[in-house]
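Please read this note with the model open beside you. The points can be checked one at a time.

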Amino acid sequence: QVQLVESGGGLVQAGGSLRISCAASGRTNSNYAMGWFRQAPGKEREFLAAISRSGVTTNYADSVKGRFTISRDNDKNTVHLQMSNLKPEDTAVYYCNARWSTWDTIPTMNPRSFGSWGQGTQVIVSS
């Protein structure tokens, strides 16, 4: 089991940038594909971005493609989400999660397929 702690959220103006991080502990992080998700008030949790075990492969939701970049540092057991050109509709609690991956590909990252979540980190984008 991998334990995950998100950090780095805060208040930012529209058009600004922010980098949030996810620290992993427990079983070897490098065996897991990682994903970022968010949940805005009154909305379902949504997938944002994912990265394969080695970091070679990434994919993004259309809503953040070109604005957000996911990266990982397996030596430090961390995953980052660099967010730029932020919009008020990006306001949400952001979560990371991990999925065991036998191959260096991205497995399903449907938010409903994860059984547990961390505390998340709050991002507020003011207009």
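1. Basis. This is a predicted model, in which local features need pLDDT of at least 70 and side-chain atom pairs count only at pLDDT 80 or more, while totals for chains, interfaces and linings use all residues. Residues are numbered from 1 along each chain as its sequence is written, and side-chain values use heavy atoms, with hydrogens and water left out.

2. Fold. The protein has 0 helices and 10 strands; helices (H or I, at least four residues) and strands (E, at least two) are DSSP runs, numbered from the N terminus. Its radius of gyration, taken over C-alpha atoms, is 14 Å, close to the 14 Å from the globule rule for 127 residues, so the protein is as compact as a globular protein of that length. That rule is 2.2 Å times the number of residues to the power 0.38. Along its principal axes the C-alpha trace spans about 40 × 25 × 25 Å.

3. Of the 127 residues, 43% are buried (under 20% relative accessible area; exposed is over 50%, partly exposed in between, with a 1.4 Å probe and protein chains only). Among contacts (heavy atoms within 4.5 Å) with a separation of 6 or more, 61% join residues 24 or more positions apart.

4. Largest pocket. A pocket here is an open set of points on a 1 Å grid over the protein atoms alone, where a 1.4 Å probe fits, with protein on both sides within 12 Å along at least five of seven lines; lining residues have an atom within 4 Å of a point. The largest one has a volume of about 300 Å³, the volume being the space filled by probe spheres set on the points. Its lining has 15 residues, and Q1, V2, L4, N97 and S116 lie nearest the centre. β9 (92-100) and β1 (2-7) each supply at least two lining residues, and β9 gives the most, with 5.

5. R67. Is this residue buried or exposed? R67 sits in the loop between β6 (58-60) and β7 (68-73), yet it is buried, with a relative accessible area of 10%. Leaving out residues up to four places away in sequence, R67 touches Q82, M83, S84, N85, L86, K87 and D90.

6. N77. This residue is in the loop between β7 and β8 (78-83) and is partly exposed, with a relative accessible area of 28%. N77 and D104 are 27 residues apart in sequence and 17 Å apart in space, C-alpha to C-alpha.
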